[in-house]
Amino acid sequence: IGGQVLVALDTTAAPLRRIWCIFEAWVCATQGIPYLLYSPGGELRWSLEKGSERQKDIAASMRRRVADLDLREAQCSVHADH
């Protein structure tokens, strides 16, 4: 087994407000699987370190959004998944 998980975030980090996506992040963390976050400006870590000023601004904003998420507010998009 190998690989990685890539998460494409919109400007509100909406995927990380879904229970299933949070579960996937937990699985990656517990299994040592790379979990890469991408924003409209590119991969967050790369954008913060080596991106253009615009990419750095987008990545910094996204990092704040991710840090401020309250996982207790996560929801299911399908009612049967509750």
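Sorted by class, the lining of the largest pocket comes out as six nonpolar, no polar and three charged residues (nonpolar: Ala, Val, Leu, Ile, Met, Phe, Trp, Tyr, Cys and Pro; charged: Asp, Glu, Lys and Arg; polar: the others, Gly among them). You're looking at a predicted model, where local features need pLDDT of at least 70, side-chain atom pairs count only at pLDDT 80 or more, and totals for chains, interfaces and linings use all residues. Residues are numbered from 1 along each chain as its sequence is written, and side-chain values use heavy atoms, with hydrogens and water left out.

To see that lining, select Tyr35, Leu36, Leu37, Glu43, Leu44, Arg45, Leu48, Arg63 and Val66. A pocket is an open set of points on a 1 Å grid over the protein atoms alone, with protein on both sides within 12 Å along at least five of seven lines, and lining residues have an atom within 4 Å of a point. The volume here is about 150 Å³, counted as the space filled by probe spheres set on the points. Now colour β2 (35-39), α2 (44-50) and α3 (53-67): each gives the lining at least two residues. Helices (H or I, at least four residues) and strands (E, at least two) are DSSP runs.

Next, jump to Phe23 in helix α1 (residues 19-31). Phe23 counts as partly exposed because its relative accessibility is 39% (buried is under 20%, exposed over 50%, partly exposed in between, with a 1.4 Å probe and protein chains only).

Last stop: Ala13, in the loop between β1 (5-8) and α1. Its phi is near 55 degrees, a positive value in a non-glycine residue. Most residues other than glycine have a negative phi. Ala13 is also buried, at 0% relative accessible area.

Terms used. On a 1 Å grid over the protein atoms alone, a cavity is a set of points where a 1.4 Å probe fits but cannot get out, and a pocket is an open set with protein on both sides within 12 Å along at least five of seven lines; lining residues have an atom within 4 Å of a point.
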